[in-house]
Amino acid sequence: MDLQHLTEAPSDAERSAIDALLGPAEAGEHGPTPSVARARRTFLLPALLALQNRVGWISRGGLGYVCRRLGVPPAEAWGVATFYALLALGERPAAFAHVCDDIACAARGAEELCGALEQRFGPCASSAHRAEPHAQRTSSSAAWARSPCLGLCDQAPAALVTVAGTTPVEQAFGGATLARVESALEGRRVAAASFALESMGPRRLLARATAKEAVTLDGYRKLGGYRALERAFELGPEGVRKEVGASKLVGRGGAAFPTGRKWDAVARHVGKQRHVVCNADESEPGTFKDRVLLEQDPFAVIESMTIAGFATGATRGWIYLRGEYPLAAERLSNAIASARAAGWLGARIAGRDVAFDIELRRGAGAYICGEETALLASIEGFRGEPRTKPPFPVDVGLFGQPTVINNVETLVAVLDVVRDGASSYASVGTPGSPGTKLFCLSGRVARPGVYEVPFGTPLSALIERAGGVPGGKPITGVLLVVVAGSFVSPKQLDLPLSFEGARAAGTTLGSGVVFVMDDSIELLPLLRRIAAFFRDESCGQCVPCRVGTVRQEELLARLARGAARGGLETEQHLLAELGQAMRDASICGLGQTASSAIESAFVQLDPLGGKRS
Amino acid sequence: MSDAQRTIELEIDGRKTQVPEGATLLQACQALSIDVPTFCWAANLTPVNVCRICVVELEGARTLVPACSRKAEAGMVVKTESERVKLSRKLVLELLGSSVDMSLAPEFRSLATKYDAHPERFGPRAPRAPSGERESAHAGHHHVDDGAHAANVAQPMKVDNDLFVRDYEKCMLCYKCVEACGTDAQNTFAIAIAGRGFDARIATELETPLPDSACVFCGNCVGVCPTGALMFKAESDLRDTGAWDESKQKVTDTICPYCGVGCQLSMRVQDNKIVRVTSPADHSVTAGHLCIKGRFGWSFVEGGKPK
Amino acid sequence: MLWGSNARETHPIFFHHVLKAVRKGARLYVVDPRRTPSAEWAEGWLQVEVGADVALANGIAHVILAEGLEHREFIDHATENFAAYRELVQRYDLARTSRLTCIAQEMIQRVARDFAKAERAMICWTLGITEHHNAVDNVLSLINLGLLTGHVGRWGSGLNPLRGQNNVQGGGDSGALPHKLPGFQDVEDDAIRARYDALWGRKVPPKKGWHLTEMFEAMEHGQLTALLVLGENPAQSEADATRCRRLLEGLEFLLVQDIFRTRTAEMADVVLPGSASFCEAEGTVTNSERRVQRVRRSIEPPGNAKDDIEILRALSKRLGYDLGLPNAEAAWDELRLLSPMHHGMSYARIEALGGIQWPCPDEAHPGSPFLHGRLWERPVRGARAGFHPAEDVPPVEQLDDEFPLRLTTGRRLDSYNTGVQSGGYASPRRAKETIDLSPADMRALGLADGERVRVVSRRGAVEAPARADRGLKQGLVFMTLHFPEQVDVNLLTIDATDPRSGTAEFKAAAVRVEKL
């Protein structure tokens, strides 16, 4: 391809970081042929991450070298690099802290932490960047920026600290204080904060995670690991799919699509290369259950993906892990390596004529990449922009090939279904929602954490199990799901946590967020934070979402100032129309649900409170 | 292509119709002379369905669907002017109108009237951003405003060469220029979408000026731009001085002399000066695309002296 | 296969179609001594030694035959002289071909297999094939490959010379060849001439005329003393410009009809200001795919400039013959009357169909997207297609110690020929003339990028800045012909021409580069 590349030469550090990922550059002076470039495109994001981990930012010389090696046009690489929040496009200190100021952390002192960091290191890097474009250099030894939810709501407030270098250090931790952040910025290990991990009925999804011994293959095997895969081999691909179908298992990522139907659809594409993708891009504010599973039970995801591959005829597996989960990344890559070494992944799994292997890919700060088609685009090396459906990924997925995409929790649930059978699986839960589900309790509860409950458990019982509101204050509302989100008023706390129960109450279970509020949480700022989140995370592709999320945030800002334009009713009418258009005309779920929580707040609660007059 | 192409029957606005398999709902509507507005769709580009003005209501679907890219399926029941459709179109027009200068998008005004769109509902426009500000936004971060003004993409025009200008406050991010520069035609990849969300923009690598970028100045981006954000310098200069006068213009089709490929040129001439050159999107040789010589290399017939 | 063609820069919109195919999985091979932008898109780049194209084609044929990949049935059925061809290519085994062409044996095998096995395959070429002293042999060698594999006469397969101007094809079609009347009808055929004689009421000269090279030879020998030049700039565009200018100066009468005061016009006794045919006049042109298309007047010609057809009519009248033909359409209709392959192409139909590809024998005929389909009919309609065995003959001017570098010439994207048309617009990418050398030669000569050097051939010398180009191998240097006012590259080129085509060997001169 006659690409015009950047002229800057890479430094030795930049070159070696990229060569370490891609292998040494081949001899000869010419770029890859079009077909080789097509095949290499998938390494674009990993290469950018490798570059930043080494030199701290996406340097010109490094970016140019990435483009030359991969045969990617520099403008497209720039488009990809500028898509991800974690990538730095200007030079900045090697040590950098991302501090969560999202809803759960805001309820637990995030603003104070941000204030302290500002005192110590200067203003948030992104705002400094904006004020003085292309002049981000700072004499300070470290810098920081605000971040959306880091998935550590159970340990709020949270921070993610990265230190670039030959041995880069990445740490995400809760219980963040100035001292702990400073320590991490100096490259020192920071101890983990405590969190709750409990089951209210039979311990299934958390069976191994709570044992905390499943992070090695031996420990996993001791806890019954790989018995489900052995059972799958007995059942055969069709038998596995039958069992999964019979279990009525539906996706736990929020959309609740029947898993069995997905697998059947992919299995139909006989003769084509097929893929299994684990969506581990958990990024919805208030959600952290997948992180816990990935950190504490990584082999379960690998085993389940192998079963999915066996059942659908897919031989390639991919885990797309959100960039903010360094511990999960470490545990997963160790687990993949030891599973491969033990013959649980590879060309002949357990000595059988079954091939399956897994590649771990990390995101770089883009909530939208949890949308399945955006996730595929991100793996392929493009901007994480959702694609129009149909065609669905089961037909046209990764690299245009049939693809199963399952959420982490769904995959872990599959193990019980396959090992014990669909009827055993349904021994708990409700007829419409068999089994158990993980919920992420955060906000004003005594013991925030991940709770496994049988479907049908009332919401109030769950909150009680988590210790209720500290100090026994009354609950002012519960935010159930941020994304397709809705608020539950204090009057509705008996809501049964099942798909049908949620539906009857006009909400969904989504991915399992339970954010509990008392009167210390002001509703309007919370709504503005949610609106800001959607504005920040919109990919920008379609008009309703790109501009609609901006207008929604502006509108809330006016309400917060008591400066409604044309009266409150006019503004509420505008909000409703905006919401309707975003819901109806956006490409993907992000835009379609960007107004849900906000609209719901106006119906269920009274966000304007005293400001109504 | 199979010789016996199958047809599909569906219903649009109460009328039964048959279309060939693979046809889009937009094509099905066009066959029935049902007007479906489009901005980001073009006959010679892959549909990206991002502007969402073409949404229609499909019975049984949770959301509206984009007519430009949704394939017709047997038994579909489609409404093109339902209340839901009208509301979405109205909002799309308002959101575009409040954030982008749509004054040169040919159909914008009549559509705004038709769908009762009032972009000013979102408040007065925020002032024009200084040069470079939009390019420096970082994904996932934005300045939180007080809601007094409607944020927009107003910014200074980029003039960095003598052939065409980039006036990105008219850019509605339809992706057409990126497609034409990329795999749909030119395969030069000089521009891409950069940034995210409301800060998404058309950019060269590191926001480099065009003459230093990979741009080969084929002007195929200009040829597909629906809002006048990309414009011949000649046209922009005439508009600046108020001399642009479409009543004095004539468009004549001829064939480019610069090689033997036979590209059809549509030459727009005002006062015996060539002010814009395009090619018909349905021309079998060009599919609407030209090279730098065919697009811009005409000063020699305008008394320009060879240097 | 793009052979001796840098279509990415010289036929950009044709190349869009190539890229579309590449994206759909077509394999592109590019044969070019330079790593051109076109070669950057290829799955395989064959960096052929300048002038070794015949050897390469024969070597490819050798592999095809050795591996039994030839299209036996087609060869038996539709071709002749195969035995002689087979015997010739026997001698072009891989080792020898690789030596002659400097291309790796594996690459020759790869392209041979891919070309022969493809369901559809095309060879497109440009001046890299035809600007050689053995241009016709080059072309015939490519045709041989097409015949050998049956990649002719079928949709999507074939041999395609990419024309450099919008009416190169149309000029030849309509009789601007010394031996042809419109529609490629032989001027020496009495029956054909009779039809023209009858219509025109005058006798058409029964003997073929001179082609360009022969004209210059005739000038040299005093046989040609008056010349009418229409829209050409031979004083700058011909190889060995010194000789060309001397001959033009020696004419008794030089009449130039052009839209520019070109270097040639400056030498003329009389200049007639013509019009830019594509935008200041009406008419037709014929593109590379034989598509006759309409050109239309979109702007008014300046000053006293006149439509070319008007000038020719006036000239003819002064010479004592009234052409009639009040306008372009009338002239076209007369041509249709005399040329059977154009017969069905009325202006109305050309406009309605957006151009028509000849042959189009009648007004119900849709035109012909490809030629030679007759070779697949059973039995073959008309003559069989003959193999034309051709031997490798290196460029006329060999490299030696005095002139150790091979100069080849070509074009750049934003410029055109001698720059009279393209020189005026403000291309942001326009680079001035340079002499491009391989990094190794730059080093050997101790040159820095941009350093002015003197380039010397046996015929002349020019000065230009040197530029390193990693796409060139050691020993090969490259210049364009776009900027004769600054750097008169044709002072260097050799006018060794193929006697059959009349085209000079612009692609292979011997030069040396001197540090200033």
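1. Domain bounds here come from an automatic or database domain assignment. On that basis chain B splits into domain 1 (1–126) and domain 2 (164–301). The centres of these two domains of chain B, taken over C-alpha atoms, are 25 Å apart. The contact between them draws 16 residues from domain 1 of chain B and 18 residues from domain 2 of chain B. Contact means that C-beta atoms, placed from the backbone, lie within 7 Å.

2. A word on the source. This is a predicted model, in which local features need pLDDT of at least 70, side-chain atom pairs count only at pLDDT 80 or more, and totals for chains, interfaces and linings use all residues. Residues are numbered from 1 along each chain as its sequence is written, with chains lettered from A and ligands numbered from 1 in the order in which they are written.

3. The side of domain 1 of chain B that touches domain 2 of chain B has 13 nonpolar, two polar and one charged residues. Ala, Val, Leu, Ile, Met, Phe, Trp, Tyr, Cys and Pro count as nonpolar; Asp, Glu, Lys and Arg as charged; the others, Gly among them, as polar.

4. The chain interface. Here 55 residues of chain A contact 53 residues of chain B. On the chain A side, the elements that give two or more residues are helices H5 (74–81), H8 (125–131), H21 (523–537), H22 (543–560) and H23 (568–585). H22(A) gives the most, with eleven residues. By class, the chain A side has 26 nonpolar, 14 polar and 15 charged residues. Helices are DSSP runs (H or I, at least four residues), numbered from the N terminus.

5. Helix H17 (residues 408–420) of chain A. Its 13 residues should span 18 Å at 1.5 Å a residue, and the end C-alpha atoms are 19 Å apart, which agrees. The expected span is 1.5 Å times one less than the number of residues. Twelve of the 13 residues of H17(A) are buried (20 or more other C-beta atoms within 10 Å of the residue's own, all placed from the backbone). Among them are Glu409(A), Asp416(A) and Arg419(A). Gly421(A) follows H17(A) and has a positive phi, near 95°.

6. A helix pair in chain A. The axes of H13 (residues 289–296) and H15 (residues 326–341) come within 8 Å and cross at roughly 35°. Axes are lines fitted to C-alpha atoms over the stretch in contact, with angles from 0 to 180 degrees between N-to-C directions. Arg291(A), Leu294(A) and Glu295(A) in H13(A) meet Leu327(A), Ala328(A), Arg331(A) and Leu332(A) in H15(A). That contact has four nonpolar, no polar and three charged residues.

Key:
Two residues are in contact if their C-beta atoms, placed from the backbone, lie within 7 Å.
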